[in-house]
Amino acid sequence: PGGSSGGAAAAVAAGLVPVATAGDGGGSIRIPAAACGLVGLKPSRGRVSNAPGGELWAGAAIELVVSRSVRDTAALLDVAVGPELGDRYWMPEPPESYLGQVGTEPGALRIGLTSGLEGTPTAPELADAVTATGELLEQLGHHVDVDQPEALVEGDPNGNFVQVIAAATAHDVDRLAHVVGRPLTMDDVESTNWWFVEYGRKLSATDYLEALDWWYAFGRRMTGWWADGHDILVTPTLTRTAPVLGWFNDRATSGDRIRSFTPYTWPFNVTGQPAISVPLHHSSDGLPIGIQLVAAPGREDLLVRLAAQLEMARPWIDRVPPIHA
């Protein structure tokens, strides 16, 4: 079902609940939404408060929901928005409700498409889905071209994203050890997370701050593409459809597999931009294909309008998995 919020997504997709909370620090709202045929919106950094706790993953992680429709996600975003006293990151409350944006025409937007990153192959069916989405957007009156931020192509060759997450994971495990009253070991933690713990404990304070410096510079390079005139970036949410259970379990290969699966999601946790995955397509064997829409910081309203327009043009609400409540 994808992760980290895979249980939430599976429950919503199976009809056990209409909506479920989810968190996104590297894609973990959008990834399970794409794998399970759901809507998953990661809001802008500071749009939803983490109070009473501190920042999550240096501000990369933010919470909202996975749902079956743009309407439901917009309604829950209305409930969740707003800063709390002492928040490190915050955005002003929107002048209008997000639910009210559903059904509002987005206007003719300038939209860039990308369906492949050098060194990280995207399955042909997913690349074709991006092309089909571009054709649909043109039919809806938008200006579409094949374009993307240069920073998206550069990726993170030095692993700065992973360094910050590893340090945060090691810190989280140390805090949990205080809760349970004993040190935690690799027997207490999934193998991939334990790798993050071990790596995080090797990092110095200067390593951490150097990685954060890269985050800030990367965010400026990335968001410049929107400042130069584009409104929306369209990508596949994932590079392939959902793998079989156990595909990530091998500790020796899990890190490489995670990175190859999700190169389109984590950059927007670093930049703090809002991004939504919508289940516009299915593969030839019936698995959902999520399409990611990314807007400039603070423009959840534009994402809601465009995603709702796509949902109206190509409804997905009646698509359910074989096992469904």
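Gln 163 is buried, with a relative accessible area of 12%, where buried means under 20% relative accessible area, exposed over 50% and partly exposed in between, for a 1.4 Å probe and protein chains only. This residue is found in helix α6 of a predicted model, in which local features need pLDDT of at least 70 and side-chain atom pairs count only at pLDDT 80 or more, while totals for chains, interfaces and linings use all residues. Residues are numbered from 1 along each chain as its sequence is written, and side-chain values use heavy atoms, with hydrogens and water left out. Not counting residues up to four places away in sequence, Gln 163 touches Asn 158, Tyr 199, Leu 203, Asp 207 and Ala 211, a contact being a case of heavy atoms within 4.5 Å.

**The chain as a whole**

- The secondary structure comes to 11 helices and eight strands, which are DSSP runs numbered from the N terminus, with helices being H or I of at least four residues and strands being E of at least two.
- The radius of gyration of the chain is 19 Å, close to the 20 Å that the globule rule gives for 325 residues, so the chain is as compact as a globular protein of that length; the radius is taken over C-alpha atoms, and the rule is 2.2 Å times the number of residues to the power 0.38.
- Along its principal axes, the C-alpha trace of the chain spans about 60 × 40 × 40 Å.
- Of the 325 residues of the chain, 52% count as buried, and the accessible surface comes to about 14,900 Å², of which 55% belongs to carbon and sulfur atoms; these areas come from the Shrake-Rupley method with a 1.4 Å probe, and for residues only the protein chains shown count as cover.
- Among the contacts in the chain with a separation of 6 or more, 78% are accounted for by residues 24 or more positions apart.

- The axes of helix α6 (residues 160-180) and helix α7 (residues 191-202) come within 7 Å and cross at roughly 100°, the axes being lines fitted to C-alpha atoms, for helices over the stretch in contact, with angles that run from 0 to 180 degrees between N-to-C directions.
- Helices α6 and α7 are therefore roughly perpendicular to each other, a term for angles of 65 to 115 degrees, whereas angles under 35 count as roughly parallel, over 145 as roughly antiparallel and the rest as oblique.
- On the α6 side, the residues that meet α7 include Val 162, Gln 163, Ile 165 and Val 173, and their counterparts in α7 include Trp 194, Trp 195, Phe 196 and Tyr 199.
- The residues of the contact of α6 with α7 divide into 11 nonpolar, four polar and two charged, where Ala, Val, Leu, Ile, Met, Phe, Trp, Tyr, Cys and Pro count as nonpolar, Asp, Glu, Lys and Arg as charged, and the others, Gly among them, as polar.
- The axes of α7 and helix α9 (residues 251-261) come within 9 Å and cross at roughly 85°, and these two helices are therefore roughly perpendicular to each other.
- In this second contact, Ser 191, Thr 192, Trp 194, Trp 195 and Glu 198 in α7 meet Arg 251, Ser 254 and Ile 258 in α9, and the residues involved divide into three nonpolar, three polar and two charged.

- Phe 261 is found in helix α9 and is buried, with a relative accessible area of 3%.
- Leaving aside neighbours within four places in sequence, Phe 261 is in contact with Ile 31, Leu 238, Thr 239, Arg 240, Thr 241, Pro 243 and Phe 248; Phe 261 and Thr 241 are 20 residues apart in sequence and 9.0 Å apart in space, C-alpha to C-alpha.
- Leu 136, in helix α4 (residues 124-139), is buried with a relative accessible area of 6%, and beyond its neighbours within four places in sequence it is in contact with Leu 310, Ala 313 and Arg 314.

**Backbone geometry**

- A cis peptide bond with omega of about 10° joins Gly 3 and Ser 4, and Ser 4 has its place in the segment before α1 (6-13).
- The peptide bond from Ala 51 to Pro 52 is cis, with omega near 10°, and Pro 52 lies in the loop between β2 (39-42) and β3 (62-67).
- Trp 57, in the loop between β2 and β3, has a positive phi of about 55° although it is not a glycine, and at 27% relative accessibility it counts as partly exposed.
- Ala 58 is found in the loop between β2 and β3 with phi near 55°, a positive value in a residue other than glycine, and is buried, with a relative accessible area of 10%.
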